[in-house]
Amino acid sequence: MRRWITPAFVLLFLSPAVGELLSTSSPPVEFFQPFTLPFMAALYGCGALLVRELAFRWRQGWPAILLLGAAYGIVEEGLAVKSFFDPNWVDLGILGVYGRWLGVNWVWSVGLAIYHAVFSIGIPILLVGLLFPAERDRPWLSAAGFRWAAAIFGATTIFMNLALTAYRPTALAHILSAASVVALGAWAQRVRPPTPAAPPPALASPLRVGLSAFGATLGLFFFEWFLPNTSMPALVWVVLVLGYVAWLWMRFGRRAAHPDWSPGHSLAMAAGALAFFVLASGLAEIDPNRVDNTTGTALVGLAAVGFLIWMGRRVRSGQNPQPGLPGKPGWGVPA
């Protein structure tokens with residue numbers, strides 16, 4: 001690849017491409033605007049770069065990346081766009097009422113923090129690690145680059161907080177959001193990955209791992225879209241979804257710590273999770289209830305399929321070593 005196509009450059013745009021474009025949150029006619037795309041890169045891309053670099057510098061692995069990804073979600077949704085607190089946020093629907101307590105949209109907040117940790121941050125970092133295997137144990141930003149990314153990310157957050165919507169949460173809401181980010185960062189510095197079972201069982205094929213990841217994603221959105229329309233108390237919802245996420249982490253974390261885990265398994269896991277959005281992108285284009293212009297979302301889904309197939313061929317060619325998964329060398333963690 002050309003020198004300017006670095007891991008940092010790719011991650012800068014891949015993170016918003018997954019978190020906003022493929023998810024259909026921002027359809028192509030909105031995403032590919034002269035102002036929108038650089039703005040998304042400044043928020044999502046710089047956020048993902050900061051997460052990756054912090055995990056690398058702290059000699060941490062995927063648990064830290066996911067915790068820092070959740071912290072990113074709090075910054076974006078709590079401090080920047082303020083959807084955690086605004087009862088009239090455009091995408092809330094029933095979640096503006098269900099689970100709202102003490103001025104916080106709790107069900108929406110928990111769901112979005114998980115979403116950003118996995119899809120806006122974790123999967124893009126994983127894919128870039130597979131694309132640039134030789135860079136897995138190196139920083140992707142210089143010291144000056146890290147400072148610039150932090151400054152751009154901070155300035156973008158402040159601008160969005162002040163200019164995006166007129167809604168103003170209380171000072172306490174801002175303080176607690178910032179405190180949550182700091183707490184997750186402190187946890188990320190100390191967390192350790194799950195250990196494989198002893199003796200480790202036979203590892204499933206990449207296909208089965210991908211299907212499991214697809215099923216896990218279906219489960220997450222079942223919690224987010226279906227259960228709030230039932231009579232289930234919101235507190236029960238929060239407990240169940242946090243338990244489900246903990247179970248998923250132990251299940252996939254133990255698999256990824258298996259001695260036979262390969263780059264093919266890593267890609268299959270990411271592809272299985274993204275397959276949900278590939279299907280959703282086609283449905284979004286014909287959804288009569290969407291009020292925005294979803295033209296081109298199906299094409300985005302097809303482009304994602306092509307990208308994943310291309311990556312699969314690279315992985316099968318044997319060019320890519322393991323990109324630093326839990327329990328493996330990588331991210332500066334000794335073997």
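In this predicted model, S212 touches R251, F252 and R255, leaving aside residues up to four places away in sequence. S212 itself lies in helix α8. The points below place these contacts in context.

- L248 stands 36 residues from S212 in sequence, and their C-alpha atoms are 9.9 Å apart in space.
- F252 and R255, both touched by S212, are among the buried residues of helix α9.

**Helix α9**
- Helix α9 comprises 23 residues, 234–256.
- At 1.5 Å a residue, helix α9 should span 33 Å, and the 32 Å between its end C-alpha atoms agrees with this.
- The buried residues of α9 are A234, W237, V238, V241, Y244, L248, F252, G253, R255 and A256.
- These buried residues pack against three helices, namely α5 (106–131), α8 (206–225) and α10 (263–285).

**A nonpolar surface patch**
- W101, L102 and W106 together form a nonpolar patch on the surface, with about 400 Å² of accessible area between them.
- W106 is located in helix α5, one of the helices against which the buried residues of α9 pack.

**The chain as a whole**
- The secondary structure consists of 11 helices and 2 strands.
- In sequence order, these elements follow the pattern α-α-α-α-β-β-α-α-α-α-α-α-α.
- The radius of gyration is 19 Å, close to the 20 Å given by the globule rule for 335 residues, so the chain is as compact as a globular protein of that length.
- Taken along the principal axes, the C-alpha atoms fill a box of roughly 50 × 45 × 40 Å.
- Buried residues make up 53% of the 335 residues of the chain.
- Of the contacts between residues at least 6 apart in sequence, 80% join residues at least 24 apart.
- The chain exposes about 15,800 Å², of which carbon and sulfur atoms supply 71%.

Conventions:
Residues are numbered from 1 along each chain as its sequence is written. This is a predicted model: local features need pLDDT of at least 70, side-chain atom pairs count only at pLDDT 80 or more; totals for chains, interfaces and linings use all residues. Side-chain values use heavy atoms; hydrogens and water are left out. Helices (H or I, at least four residues) and strands (E, at least two) are DSSP runs, numbered from the N terminus. The expected span of a helix is 1.5 Å times one less than its number of residues. Buried means under 20% relative accessible area, exposed over 50%, partly exposed in between (1.4 Å probe, protein chains only). Contact means heavy atoms within 4.5 Å. Patches are made of residues with over 30% relative accessible area and no salt bridge: like charges are joined within 9 Å, nonpolar side chains (Val, Leu, Ile, Met, Phe, Trp, Tyr) within 5 Å. Accessible areas come from the Shrake-Rupley method with a 1.4 Å probe; for residues, only the protein chains shown count as cover. A salt bridge is a side-chain nitrogen of Lys or Arg within 4 Å of a carboxyl oxygen of Asp or Glu. The radius of gyration is taken over C-alpha atoms; the globule rule is 2.2 Å times the number of residues to the power 0.38.
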